[in-house]
Amino acid sequence: MFKTLLSKIGLRSEAQPISAKPPETLAQLRDAVAARLRSEPEVQEVAIDPGNPAVLRVRLANSGSEAVTGTIDVTNVYGRLYTLRNDLDREAAIENLVQSVLVTVRRPELDLQHVFANIRFRQPGNEQDAATSLAKELAGDVAIVLQLDTPQSLVGLSRADLGERSVAEIRQAAQGNILREMSKLQEERVNDHMIAYRIDDNPPLTPAIVMTDEFWAMVDKNFPDGAFLILRQRDEVAVIDRKAPSALTTARQLIDMAKHRGVDFLSDRIFERRDGRLVAVTE
């Protein structure tokens, strides 16, 4: 991914080939997802958003409780299929998306071995009531959320999902779990001043490494004078040597390109660590 983007700003010469003409439109993929959803008994209604070819609105039965409503956006799946990595099987991708929606009403058992504290975009005025939300503000436009790693997707946890367990117990388990996953962390030295990180077999967990001292020890070893952190994607983390020429400019270019592309975008802020805390940088 970095090889492709960096080539566009003159830092790399090689780029990953992408499909010149996708075999279907965004709306056609959305319609295929809608058809698959309608075959599930929990799905009461699927409505197409007339103003957005990527969006579906879904209503799900919830085991006697109030029905669950939500929005599905197929942009990320379409991007991975046809415009970014070209590394997904179409039918498997559709099935995975459908199952990730159904898991909201087919709640899996809370297994402490699979809970994680992860970083996601902070949404002011989130529909989740403050009394039930487990999200904590982190810095800039991102927050720490608690998630359960299921075979289909990472599922956000609320207080109602914890049962008799305390939030402290869940967070302690989450910390140990991400340290376990870091044994699979892949480090790509993009150039002398930049390193990209990715948990290869579970990329959406990658931002969680930022909340560990172990990750920052790796950064300090590589860039002892400090580093800027970018969290532009939900499946990668990158650091840029603070002393590198035009470090902030490079970070901003990479973030803006990812934001324009729109696939898996996370944050448009540049961060650094000060006194053990993540803070947004004033550009």
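Which residue in strand 3 is the bridge partner of valine 55? I find aspartate 73 there.

This is a predicted model, where local features need pLDDT of at least 70, side-chain atom pairs count only at pLDDT 80 or more, and totals for chains, interfaces and linings use all residues. Residues are numbered from 1 along each chain as its sequence is written, and side-chain values use heavy atoms, with hydrogens and water left out.

Sheet. I looked up strand 2 (residues 55-62) and found that it pairs with strand 3 in the antiparallel sense over 7 bridges. Strands pair if DSSP finds at least two bridges between them; helices (H or I, at least four residues) and strands (E, at least two) are DSSP runs, numbered from the N terminus. The open sheet has 3 strands in the order 1-2-3, with antiparallel pairing. Its edge strands, each pairing on one side only, are strand 1 (43-48) and strand 3 (65-73).

Rings. I noted 3 aromatic pairs (Phe, Tyr and Trp rings, the last by its six-membered ring, with centres within 6.5 Å; planes under 30 degrees apart are stacked, over 60 edge-to-face, the rest tilted). Tyrosine 78 and tyrosine 82 are edge-to-face, 5.0 Å centre to centre with 70° between the planes. Both lie in helix 3 (residues 75-83), 4 residues apart, about one turn of the helix.

Is tyrosine 82 buried or exposed? Tyrosine 82 counts as buried because its relative accessibility is 8% (buried is under 20% relative accessible area, exposed over 50%, partly exposed in between; 1.4 Å probe, protein chains only). Tyrosine 78 is buried as well, at 13%.
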